[in-house]
Amino acid sequence: MKVATHNLRCTECGAVISGDAVNSIFRCPTCNGLYDVIYPWSANAAVPAGGQEANLPNPSALRWLWQERRTSTMAVDQSGVWRFRDLLPIVSDPESVTTLREGNTPLYELPRCAKAVGIDWLLAKHQGMNPTGSFKDTGMTAALSVAVDRKFEWVACASTGNTSAAMAAYAARAGLRSLVFIPDGKIAWGKLSQAMDYGALTIQLKTDFDGCVRILTDLVTRFPIYLLNSVNPYRLEGQKTPAFEMLEQLDWQVPEHIVVPGGNLANAAALGKGFNELHHLGMIQRVPKISIIQAMGANPLYRWFIDSNRIMKPVVADTRATAIRIGNPASWRKSAAVIEKMGGWCEQVSEQEIALAKAQIGAEGIGCEPASAVTFAGLKKLVAQGRVTPEERVVLILTGHTLKDSQYTIDYHRGELLTDAEKAQISPADQAQHAALRKPPIVLEADSDVVLHALESHMKLTQPV
Ligand code: F0G
């Protein structure tokens, strides 16, 4: 591992500072902007003439090296994040790297979903297949390693659940103490149980996610604690690596379109950064479009996108996709820049549309959590609007594992998820799809005749037409 060779650049005013000069809230003291990590070879590094070229990693050497590391027995090589460490030299001591062998997630084909939406080629990069079951692990390994490097004893985050699970796990591995703020009663139990299992001090605040962020932001200025929310730019350095891994998996053929769920809006920004860096290094000839999908009840970016004045107004968020129940997203400007510079759209989807999309992904044998299913629900709209054409190659980013929120799935299949009013708004075509997909458990007497009879009538009902 090379020594840290990076700076932080304010995404608003452009001020560049060294990595260890950043304040505890990771915001520019001049303009309150968020930072990006930049390297001597970055497009915007502003290094002296000649310096940039001298420091540019060689593309074909990098491809070879990254492939070689897959067969290594070293922990850093087995990590699907640190395998790409040449493009994220953020720790000065290699011993600081804390890994659970994150990344290395599958890229699945979704042929039935592709057919249902009317496109030829649909893939899912399943980030729910990470060690703690969500994409947060890729960012957490990076930022937590920096916390270790900087000798912090405490780390903290505010979370809708997945960040806290990931932080608690990586902190436990590194022997650090972790503090989690979650909204009281508004996170999926699977995620809360993980934070407890990994030994975090968990505080349920009587507020929503945005309220938790407010309290934590205040706290980190008064207590020596390392903030691990996605305002921490090192999180994004880890979260950019699925872009690299996806391209490896596609033999370096760039897909036309990536569809990402939007909550606090760091992930779309991280993936955008990953693709742009590869483009700048000459490893790919173009970048994909990135579209961001939000739940209708937590849609500040969507509102910004359709507002002709492009003004961001926070909302009071509400959706059953609790992972993205966020009304005041910290990284909205970074993600907005991704849409504006790389192309792509922002869409919103209803609770009914999320439920149907999740069931369709589940029926492919893949499964994901509700927040991830917004991608497929949104894709349906983008195709219907002609924004995605049938021959375009699309990759959905599935961010969380289906077991993260099993209550949602059970409620859906039992017909208890949506209210009668919500069900009444579903179109007849979607009603038919819901009916075919819902598989509620059947309760029977323990008698084989009764079971046989039930099976026969079930088969008659579900004969292929
Ligand atoms: N999908 C899942 C499963 C998530 O947990 C999150 C965010 C997102 C999508 C949205 O990603 O915030 O980068 O736009 N979860 C955070 C958390 C906020 O605390 O776990 P984003």
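**Notes on rings and ligand**

1. Let's begin with an arginine and a tryptophan: Arg310 lies over the face of Trp304, 4.4 Å from the centre of the ring. Please keep in mind while you look that this is a predicted model.

2. Arg63 lies over the face of Trp252, and here the distance to the ring centre is 4.7 Å.

3. Trp252 also belongs to a cluster, in which ring pairs link it with Trp66, Phe84 and Phe244. If you colour the aromatic side chains, Trp66, Phe84, Phe244 and Trp252 are the four to pick out for this cluster.

4. How many aromatic pairs does the structure hold? The count is 10. One of the aromatic pairs is formed by Tyr39 and Trp41, whose rings are stacked, with 4.8 Å from centre to centre and 15° between the planes. Are Tyr39 and Trp41 buried or exposed? Both residues are buried.

5. Now back to the tryptophan from the opening point. Why is the pair of Trp304 and Phe305 called tilted? The planes of the two rings stand at 45°, so the pair is tilted, and the ring centres are 6.4 Å apart. For this call, planes under 30 degrees apart would count as stacked and those over 60 as edge-to-face. Trp304 is buried, and Phe305 is buried as well.

6. Next, the ligand. Which residues come nearest to it? There are 20 residues around the ligand, and Ser159, Asn162, Asn264, Leu265 and Thr399 are the ones that come nearest.

7. Asn267 has a backbone N or O atom at 2.8 Å from an oxygen atom of the ligand.

8. How much of the ligand does the protein cover? On its own the ligand has 470 Å² of accessible area, and the protein covers 98% of this. Finally, the space that the ligand takes up is the largest cavity.

Note on methods
Residues numbered from 1 in each chain as written. Predicted model: local features only at pLDDT ≥ 70, side-chain atom pairs only at ≥ 80, totals over all residues. Heavy atoms only, no water. Phe/Tyr/Trp six-rings, centres within 6.5 Å; stacked < 30°, edge-to-face > 60°. Buried < 20%, exposed > 50% of the residue type's maximum accessible area, 1.4 Å probe, protein only. Lys NZ or Arg CZ within 6 Å of the ring centre and 35° of its normal. Near = heavy atom within 4 Å. Polar contact = N/O pair within 3.5 Å; in protein donor to acceptor, adjacent residues only side chain to side chain. Areas by Shrake-Rupley, 256 points an atom, 1.4 Å probe, with all protein chains shown as cover. 1 Å grid on protein atoms, 1.4 Å probe; cavity = no way out; pocket = protein on both sides within 12 Å on 5 of 7 lines; lining within 4 Å. Sits in = over half its atoms within 2 Å of the grid points.
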